[in-house]
Amino acid sequence: MTINLSTPSNWPIHFNKPLIIAGPCSAESEEQMLATGNALKSHQNLLFRAGVWKPRTRPNNFEGIGRIGLTWLKIVKEETGLATTTEVANAFHVEEALKQDVDVLWIGARTTVNPFAVQEIANALKGVDIPLMIKNPLNPEVNLWVGAIERFADAGLTKLAAIHRGFFAYNNTKYRNIPQWQLAIELRRRIPGIPMICDPSHIAGKSSLIYEVSQKAIDMNYDGLMIETHINPEKALSDNNQQVTPKQLNEILGKLVVRQAKIEDPVFKSSLDQLRIEIDDLDYELVDVLKRRMNVAEKIGLHKKENKVTILQSNRWEELLKTRIQHGVDNGLTEEFMNKVLKAIHQESINRQTKVMNK
Ligand code: PEP
Ligand code: MN
């Protein structure tokens, strides 16, 4: 389906690129909200965020302050002049947020995965063209993300944006959620013109990594950043490791290099950056696959040792080389290249197995 988007200049808030969305993960008290809002109000072009209902992975964590948080959000808006945003996860949330004049709504990652919930919210928003930002689903499935955006577009919403907050990773990685930048690139290809916000807080999971993720997003021509900001992060009731203070936020924003189009064509530059980031991700994936392959080779070594079998089984190696080279050639890689790569990998596997054998 074609998605009818109105440009951010039609949003009822200031949306100059990059839009900065800042404020606590969760609304905790009126004092905390006002202190954070007051510390942020000097920024032009800042949208104040706070979660009121918190979708937590496991029970017995702080699940948000509930409805009263919306009245604090309204007080922040009245006292500071900042526009506000909060997360909605069902029709009741929508109704309450609209009653309290929240300016922009967002859909969380745990909601985007659920078409029933998305549809319920879309139905509740029929006829209300409020700006709405849709976070990527937890799992790296771009169709779910596109599908959620389509459901809101179908309900008549035109002020839509996407928030890239990273994807659940089964393995431990540097970041709390793996960015998978190529999925955000794919979303933008599928929905041209959709404003793209990066949420470096939930990608990084750690305040010290927020700057580097933010810079990468800006280099990829994102339209904004959502950075969780708390007046006292250590005391935060949710996501305390990844929240920054308003002062740290200023430092991050001060360091950000927003590259201007110079002699180079900006379109060329940004697509080049996107491709390089894709290469970076693929290289990390390659290393991960190689590591896993070597671990399996070690297991085989152990197995051979226990059964008193030699390391090199020539038949197996010959057959492997032949079929893998053919597979490579079928996929557009040259025979020479495949040969070199496979031999290097094989040699390393033998080294690993030898080590295991002689332990
Ligand atoms: C949040 O923004 O605080 C939040 C709960 O995010 P996500 O849905 O990305 O986990
Ligand atoms: Mn959070």
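**Pockets, rings and backbone of a predicted model**

Me: Into how many nonpolar, polar and charged residues does the lining of the second largest pocket divide?
Reply: A pocket is an open set of points on a 1 Å grid over the protein atoms alone where a 1.4 Å probe fits, with protein on both sides within 12 Å along at least five of seven lines; lining residues have an atom within 4 Å of a point. Ala, Val, Leu, Ile, Met, Phe, Trp, Tyr, Cys and Pro count as nonpolar, Asp, Glu, Lys and Arg as charged, and the others, Gly among them, as polar. On this basis the lining of the second largest pocket comprises 14 nonpolar, four polar and four charged residues.

Me: Which pLDDT do side-chain atom pairs need in this predicted model?
Reply: Residues are numbered from 1 along each chain as its sequence is written, while chains are lettered from A and ligands numbered from 1 in the order in which they are written. Side-chain values use heavy atoms, without hydrogens and water; in this predicted model totals for chains, interfaces and linings use all residues, local features need pLDDT of at least 70, and side-chain atom pairs count only at pLDDT 80 or more.

Me: Which element gives the largest share of the lining of the largest pocket?
Reply: The largest pocket has 24 lining residues, with Thr-173, Ile-178, Asp-281, Tyr-284 and Glu-285 nearest its centre. Two or more lining residues come from each of α7 (181-190), α9 (210-219) and α11 (266-306); helices (H or I, at least four residues) and strands (E, at least two) are DSSP runs, numbered from the N terminus. The largest share, nine residues, belongs to α11.

Me: Why does the largest pocket lie between two domains, and which are they?
Reply: The lining of the largest pocket contains ten nonpolar, five polar and nine charged residues. Both domains give residues to this lining, so the pocket lies between domain 1 (8-255) and domain 2 (266-357).

Me: Which residues are the closest to the centre of the second largest pocket?
Reply: The second largest pocket is lined by 22 residues. At least two of the lining residues are supplied by each of α11, α12 (314-330) and α13 (335-357), and α11 has the largest share with eight. The closest to the centre are Arg-293, Arg-316, Leu-320, Ile-345 and Ser-349.

Me: Why is the pair of Trp-11 and Phe-15 edge-to-face?
Reply: Rings of Phe, Tyr and Trp (its six-membered ring) pair if their centres lie within 6.5 Å; planes under 30 degrees apart count as stacked, over 60 as edge-to-face and the rest as tilted. The count is four aromatic pairs. In one of them, Trp-11 and Phe-15 have ring centres 5.1 Å apart, and the pair is edge-to-face because the planes stand at 90°.

Me: How many residues apart in sequence are the parts that Trp-145 and Phe-167 tie together?
Reply: Trp-145 and Phe-167 form an edge-to-face pair, at 6.4 Å centre to centre and 75° between the planes. Trp-145 belongs to helix α6 (residues 142-154) and Phe-167 to the loop between β6 (160-164) and α7, so the pair ties together parts separated in sequence by 22 residues.

Me: Is Gln-180 buried or exposed?
Reply: The phi of Gln-180 is near 45°, a positive value in a residue other than glycine, and Gln-180 lies in the loop between β6 and α7. Buried means under 20% relative accessible area, exposed over 50%, partly exposed in between (1.4 Å probe, protein chains only). At 18% relative accessibility, Gln-180 therefore counts as buried.

Me: Which peptide bond is cis?
Reply: Pro-18 is found in the segment before β1 (19-23). With omega near -5°, the cis peptide bond is the one from Lys-17 to Pro-18.

Notes:
Domain bounds come from an automatic or database domain assignment.
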